[in-house]
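Please read it with the sequence and the model side by side.

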Amino acid sequence: MAVYQPQGIVEPPRHPGDRWNRGGQFLGDERLHWLEILLDEAFVIPGTSIRFGIDGIIGLVPGLGDVFAGILSLLIPLAAWVRGIPYITLIRMLTNVSIGLLIGTIPFFGDAFDIFWKANRRNYRLLTRSIAEPRRHTWKDWAFLLLCGFALTVIFAIPIVFIAWLLSRIVVWLPGR
């Protein structure tokens with residue numbers, strides 16, 4: 001049953017716990033595409049084809065800039081979760097945001113990385129592709145996550161191997177050996 005609105009808009013009645021339908025307009029495709037452009041591609045460096053958004057500008061503010069840009073970047077994965085995107089795709093989206101946030105904290109290099117990484121554009125494309133063809137790219141998601149997991153393993157293993165090597169050298173030089 002539809003409810004007549006004074007402006008002539010007819011919309012279905014809402015149930016008290018129906019928060020997803022109320023948020024549908026805010027998390028709609030047009031707004032998410034606008035957000036993706038605003039965060040990653042709104043401006044062009046004159047004389048080049050390099051595009052950047054307010055994500056790169058906000059990141060210049062030490063500390064809070066990257067955190068605020070990261071919070072804004074979570075809106076697209078939130079919309080994907082509301083829409084019921086597969087969890088592997090959501091994890092990949094969150095990984096994109098995490099990579100951008102972690103590397104973005106490095107002064108200047110991180111801001112340049114944000115301009116080229118474009119986590120919001122990646123996430124918007126994952127969202128639209130997952131809606132259009134739900135099972136098309138899940139193997140790519142797994143491959144990406146396995147590669148990230150391998151990279152993290154290597155990053156954490158390097159100091160452990162170095163400390164083990166250093167301890168073995170110290171033991172060789174101990175008196176009485």
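The points below go from the basis of the model to its overall make-up and then to individual residues.

1. This is a predicted model, in which local features need pLDDT of at least 70 and side-chain atom pairs count only at pLDDT 80 or more, whereas totals for chains, interfaces and linings use all residues. Residues are numbered from 1 along each chain as its sequence is written, and side-chain values use heavy atoms, with hydrogens and water left out.

2. On the overall make-up, the protein has 9 helices and 4 strands, where helices (H or I, at least four residues) and strands (E, at least two) are DSSP runs numbered from the N terminus. Read from the N terminus on, the order of the elements is β-β-α-α-β-β-α-α-α-α-α-α-α. Of the 177 residues, 31% count as buried; here buried means under 20% relative accessible area, exposed over 50%, and partly exposed in between, with a 1.4 Å probe and protein chains only. Among contacts with a separation of 6 or more, residues 24 or more positions apart account for 55%, a contact being heavy atoms within 4.5 Å.

3. Helix H5 (residues 75-83) and helix H6 (residues 87-104) pack at an angle of about 175°, and their axes are 10 Å apart. The axes are lines fitted to C-alpha atoms, for helices over the stretch in contact, and the angles run from 0 to 180 degrees between N-to-C directions. H5 and H6 are therefore roughly antiparallel to each other, a label used for angles over 145 degrees, while those under 35 count as roughly parallel, 65 to 115 as roughly perpendicular and the rest as oblique.

4. Which residues of H5 and H6 meet? From H5 come Pro77, Ala80 and Trp81, and from H6 come Tyr87, Leu90, Met93, Leu94 and Val97. The residues of this contact divide into 8 nonpolar, no polar and no charged, with Ala, Val, Leu, Ile, Met, Phe, Trp, Tyr, Cys and Pro taken as nonpolar, Asp, Glu, Lys and Arg as charged, and the others, Gly among them, as polar.

5. A search of the whole structure finds 1 salt bridge, defined as a side-chain nitrogen of Lys or Arg within 4 Å of a carboxyl oxygen of Asp or Glu. Glu41 forms a salt bridge with Arg121, and their closest N and O atoms are 3.0 Å apart. Glu41 lies in the loop between helix H2 (29-40) and strand E3 (43-44) and Arg121 in helix H8, so the pair ties together parts that are 80 residues apart in sequence. Glu41 counts as buried at 14% relative accessibility, whereas Arg121 is partly exposed at 27%.

6. Asp111, in helix H7 (residues 109-117), deserves a separate look. Leaving aside residues up to four places away in sequence, Asp111 touches Gly56, Gly59, Leu60, Asp66, Gly104 and Ile106.

7. Gly59 is in the loop between helix H3 (54-58) and helix H4 (64-73), and Gly59 is buried, with a relative accessible area of 7%. Beyond residues up to four places away in sequence, Gly59 touches Gly65, Asp66 and Asp111. The C-alpha atoms of Gly59 and Leu101 are separated by 9.2 Å, although these residues are 42 apart along the chain. Ala69, in helix H4, is buried at 3% relative accessibility, and the C-alpha atoms of Ala69 and Leu101, 32 residues apart along the chain, are separated by 8.0 Å.

8. Two backbone angles are worth checking in the model. Most residues other than glycine have a negative phi. Phe108, however, has a positive phi of about 60°; Phe108 is in the loop between H6 and H7 and counts as exposed at 66% relative accessibility. Lys118 has a positive phi of about 50° and lies in the loop between H7 and helix H8 (119-132), where Lys118 counts as buried at 8% relative accessibility.
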